[in-house]
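Me: Got a model open here and I'd like to talk through its surface and its core. Can you take a look with me?
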Amino acid sequence: MPTSLSRLTAESETRELTQKYAALLKPAEAASFLLTSVGTLAQWRYLRRGPAYIKVGRSVAYRLGDLLDYVEQTRVSHNGVAA
């Protein structure tokens, strides 16, 4: 019985990781989503600003969840105070 339980746990963890990283966007897609340019994203990465990103070798990708978090963090309310 423990092996089937561990197998179910492993499958659950795999499913969770798949969902977490399923929505990876290329810089051009992320820039379009954020209404900015690919160059601006590159500048933000250089300055260590902007949304979190994933780098594998020379490739850069953005998780949709990280972009959504970034949008929420930069939201400003009508009274000029960050919400």
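Me: Which helix gives the most to the nonpolar patch?
Reply: Helix α4 (residues 64-73), with three residues. Helices here are DSSP runs of H or I with at least four residues, strands are E runs of at least two, and both are numbered from the N terminus. This is a predicted model, where local features need pLDDT of at least 70, side-chain atom pairs count only at pLDDT 80 or more, and totals for chains, interfaces and linings use all residues. Residues are numbered from 1 along each chain as its sequence is written, and side-chain values use heavy atoms, with hydrogens and water left out.

Me: Ok, what about Leu68, where does that lie?
Reply: In helix α4. Leu68 is partly exposed because its relative accessibility is 43% (buried is under 20% relative accessible area, exposed over 50%, partly exposed in between; 1.4 Å probe, protein chains only).

Me: Switching to the inside: how many residues has the largest nonpolar core?
Reply: Ten, among them Leu34, Trp44 and Tyr70. α2 (27-33), α3 (38-47), β3 (59-63) and α4 each supply at least two residues of this core. A core here is a set of buried Ala, Val, Leu, Ile, Met, Phe, Trp, Tyr and Cys residues joined through side-chain atoms within 4.5 Å.

Me: And what does Trp44 contact?
Reply: Leaving aside neighbours within four places in sequence, Trp44 contacts Leu34, Arg49, Gly50, Pro51 and Tyr70 (heavy atoms within 4.5 Å).

Me: How many salt bridges in the whole structure?
Reply: Two, counting a side-chain nitrogen of Lys or Arg within 4 Å of a carboxyl oxygen of Asp or Glu. One joins Asp66 and Arg63 at 3.1 Å, N to O.

Me: Is Asp66 buried or exposed?
Reply: Buried, because its relative accessibility is 15%. Arg63 is buried too, at 16%.
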